[in-house]
Amino acid sequence: MNEHLQLSEEIMKKSLQEDEKIFEKEKLHVCTYEDCNSVFQTQAEWEEHARMHAVQRPFGCRYCDKAFKTSGDLSKHSAIHN
């Protein structure tokens, strides 16, 4: 009986550890900006989204004075200079 109890405890521990690993993988990044309920799988996605709410425009055009919130927007803009 005691061996059975130990085996059950080991199985439960392993199951709990597996559940914790799944939870870690599934952590979501939630935008905390007022009235924005966006959720992202990765920190990088969340950071790019957060720039949409910010005033910062860290991606400056090398051909003119315009600046953009994302590198993708800068890339689209740069096409007009080519």
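Is D35 buried or exposed? D35 is exposed, with a relative accessible area of 75%. Here buried means under 20% relative accessible area, exposed means over 50%, and partly exposed lies in between (1.4 Å probe, protein chains only). The model is a predicted one: local features need pLDDT of at least 70, side-chain atom pairs count only at pLDDT 80 or more, and totals for chains, interfaces and linings use all residues. Residues are numbered from 1 along each chain as its sequence is written, and side-chain values use heavy atoms, with hydrogens and water left out.

The overall fold comes next. The protein has three helices and four strands. From the N terminus on, the order is α-β-β-α-β-β-α. Helices (H or I, at least four residues) and strands (E, at least two) are DSSP runs, numbered from the N terminus. Of the 82 residues in the protein, 13% are buried. The protein exposes about 7,300 Å². Carbon and sulfur atoms supply 52% of that area. Accessible areas come from the Shrake-Rupley method with a 1.4 Å probe; for residues, only the protein chains shown count as cover.

Contacts were also counted along the chain. A contact means heavy atoms within 4.5 Å. Among contacts in the protein with a separation of 6 or more, residues 24 or more positions apart account for 0%.

UniProt, in an unreviewed entry, places the feature "domain: C2H2-type" at residues 29–58 and 59–82. UniProt positions are given in the numbering used here, feature names are shortened, and annotations may be inferred rather than shown by experiment. Residues 29–58 are 37% helix and 13% strand. The end C-alpha atoms of this span are 22 Å apart. Residues 59–82 are 33% helix and 17% strand. Their end C-alpha atoms lie 18 Å apart.

D35 lies in the loop between β1 (29–30) and β2 (39–40). Its phi is positive, about 65°, although D35 is not a glycine. Most residues other than glycine have a negative phi.

Helix α2 (residues 43–53) holds H49. H49 counts as buried because its relative accessibility is 16%. Leaving aside residues up to four places away in sequence, H49 touches C31, C36, S38 and F40.

How many disulfides does the structure hold? The structure holds zero disulfides. C36 is in no disulfide, and the nearest cysteine sulfur, that of C31, is 3.6 Å away. A disulfide is a pair of cysteine sulfur atoms within 2.5 Å. C61 is buried, with a relative accessible area of 9%.

H77 lies in helix α3. H77 is buried, with a relative accessible area of 9%. Not counting residues up to four places away in sequence, H77 touches C61, C64, K66 and F68.

The buried residues of α3 (residues 71–78) are L74, H77 and S78. Seen down the axis of α3, these buried residues fall within an arc of 100°, so they line one face of the helix. The arc is that of the directions from the helix axis to the C-beta atoms. An α-helix has 3.6 residues a turn, so residues three or four places apart point the same way. The face of α3 turned away from its buried side carries the exposed residues S75 and K76. The buried residues of α3 pack against β3 (59–60) and β4 (67–68).

K69 lies in the loop between β4 and α3. K69 is buried, with a relative accessible area of 17%. Beyond residues up to four places away in sequence, K69 touches R51, M52, A54, Q56, R57, P58 and F59. The C-alpha atoms of K69 and V55 are separated by 8.2 Å, and the two residues are 14 residues apart along the chain.

The side chain of K69 also reaches the backbone oxygen of M52 at 2.9 Å. A polar atom of the K69 side chain lies 3.1 Å from the backbone oxygen of A54.

Notes: Polar contact = N/O pair within 3.5 Å; in protein donor to acceptor, adjacent residues only side chain to side chain.
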